[in-house]
Amino acid sequence: MMRLIFGIFCFLLLASSSGFAQSESKLKDANTAYKEGRYADAILLYEQIINEDKKSSDEAYYNLGNAYFKLTDYPNAILNYERALRFAPSDEDILFNLELANEKIEDKIEAIPQLFYKRWFLSIRNQSGQDFWAILFLIFLSFSVLFLGGFFLSNKTGIKKTGFYGSILSLIIAFVFLAFAFSMHRWQNKAKEAIVFAGSVSVKSSPVESGTGLFVIHAGTKVQITDELGEWKRVKLADGNEGWMLGSDIEEI
């Protein structure tokens, strides 16, 4: 029985190593194609890597965005830069190239200024991923338990005071980190945002073709999906404007 289990373990380990090696080989080939200016070939290889591993790293999406940018396909470049940001929200290279791509599209939408505390919260949250914040939460939760143990188990006034206040402070810090982790998880997995791919779209007041046109947006513009009705999506722009458009005209990030 032990031999069988060991054999299965070795097989799975070899299969995993083989898959990783193949992925690394494709990534190397894709990077080579990009450096040689064969951007269409690089795109095919990067997309293969992503399709084979839905949890691809920010590097694959970033490089794919760069290849599309070189071919002046700015909507696809923006889409993949945005996807890369889901993995590395504070990466300066991704943010810089995304800004360059946004300068190439027709719509220049001014975002509604965020409240200072929300801007502060997001700027800190984006410094790392949800796993990092979750680990810090567990660490400080453990500190809180240890301090609480000191409070209950010690007979010395100084230690009891330290234990009491240390436990409260550690618990507060722990829940701040939990808020960062939860917010990052929600943004990475539940935030429904998309990029417009149709050349020009009239956003409607209602989810029907005969609806009144409210405003026009163009390829490359980022929208937030707030509601769905059949093939129609209710979208919101960074400036607060909202309306309905066909789901076939956008690609979710």
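**Entry 1: helices α3 and α5**

I began with α3 and α5, which pack at an angle of about 30° with their axes 11 Å apart; the axes are lines fitted to C-alpha atoms over the stretch in contact, and angles run from 0 to 180 degrees between N-to-C directions. The model is predicted, so local features need pLDDT of at least 70 and side-chain atom pairs count only at pLDDT 80 or more, while totals for chains, interfaces and linings use all residues. Residues are numbered from 1 along each chain as its sequence is written, and side-chain values use heavy atoms, with hydrogens and water left out.

I noted that α3 and α5 are therefore roughly parallel to each other (angles under 35 degrees count as roughly parallel, over 145 as roughly antiparallel). Helices here are DSSP runs of H or I, at least four residues, numbered from the N terminus. For the residues in contact (heavy atoms within 4.5 Å), I listed D58, Y62, N66 and F69 in α3, which meet D93, I94, N97, L100, A101 and K104 in α5. The residues of this contact divide into 5 nonpolar, 2 polar and 3 charged (Ala, Val, Leu, Ile, Met, Phe, Trp, Tyr, Cys and Pro count as nonpolar, Asp, Glu, Lys and Arg as charged, and the others, Gly among them, as polar).

**Entry 2: helices α7 and α8**

I next looked up α7 (residues 130–153) and α8, whose axes come within 7 Å and cross at roughly 160°; α7 and α8 are therefore roughly antiparallel to each other. The residues of the contact of α7 with α8 divide into 21 nonpolar, 11 polar and 1 charged.

**Entry 3: the cores**

I found that the largest nonpolar core has 30 residues, and that Y46, L64, I78, Y81 and I94 have the most contacts inside it. Such a core is a set of buried Ala, Val, Leu, Ile, Met, Phe, Trp, Tyr and Cys residues joined through side-chain atoms within 4.5 Å, where buried means under 20% relative accessible area, exposed over 50% and partly exposed in between, with a 1.4 Å probe and protein chains only. The helices that each supply at least two residues of this core are α1 (2–35), α2 (39–52), α3 (58–70), α4 (74–87), α5 (92–104) and α8 (157–189), and α4 gives the most, with 7 residues. A second, separate core of 13 residues includes A198, F215, I225 and M245.

I also checked L64, which, leaving aside its neighbours within four places in sequence, is in contact with I43, Y46, E47, I50 and N80.

**Entry 4: T72**

At 52% relative accessibility, T72 counts as exposed.

Key
Parallel < 35°, antiparallel > 145°, perpendicular 65-115°, else oblique.
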